[in-house]
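Student: I have a model open and would like a close look at a single part. Could you take me through the sheet and what surrounds it?

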Amino acid sequence: MSYVINCECGTEVRGENTEEVADNAERHVEADHPELVGKISRDELLARARQG
């Protein structure tokens, strides 16, 4: 079962499971939203994850 997080910037972050989608979302934040590093928790990212 795959998961997706839709970022406010329009990027779809995907992963095969919750751990992978959270890891990919953290990498996306670091690369594209460095001003948010340390301000968004892993739990907050996972709260946005949906099956997809």
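Tutor: Here is a walk through the sheet, a helix beside it and some charged pairs. This is a predicted model, in which local features need pLDDT of at least 70 and side-chain atom pairs count only at pLDDT 80 or more, while totals for chains, interfaces and linings use all residues. Residues are numbered from 1 along each chain as its sequence is written, and side-chain values use heavy atoms, leaving out hydrogens and water.

Three strands form an open sheet in the order 2-1-3, with antiparallel pairing. Strand 2 (12-15) and strand 3 (50-51) are the edge strands, and each pairs on one side only. Strands here are DSSP runs of E with at least two residues, helices are runs of H or I with at least four, and both are numbered from the N terminus. Two strands pair if DSSP finds at least two bridges between them.

Strand 1 (residues 3-6) is joined to strand 2 by four bridges. Val4 stands opposite Arg14, and Asn6 has Glu12 as its bridge partner.

Now the helix. Helix 1 (residues 18-32) lies across strand 1 and strand 2. Its direction is at about 145° to strand 2. The axes are lines fitted to C-alpha atoms, for helices over the stretch in contact, and angles run from 0 to 180 degrees between N-to-C directions.

Look at His28 in helix 1. His28 counts as buried, at 9% relative accessibility. Buried means under 20% relative accessible area, exposed over 50%, and partly exposed in between (1.4 Å probe, protein chains only). Beyond its neighbours within four places in sequence, His28 is in contact (heavy atoms within 4.5 Å) with residues including Cys7, Cys9, Thr11 and Val13.

Last, the charged pairs. The structure holds five salt bridges. Each is a side-chain nitrogen of Lys or Arg within 4 Å of a carboxyl oxygen of Asp or Glu. One of them joins Arg48 and Glu8 (3.5 Å, N to O). Arg48 sits in the loop between helix 2 (42-47) and strand 3, and Glu8 in the loop between strand 1 and strand 2, 40 residues apart. Glu8 is exposed at 71% relative accessibility, whereas Arg48 is partly exposed at 41%.
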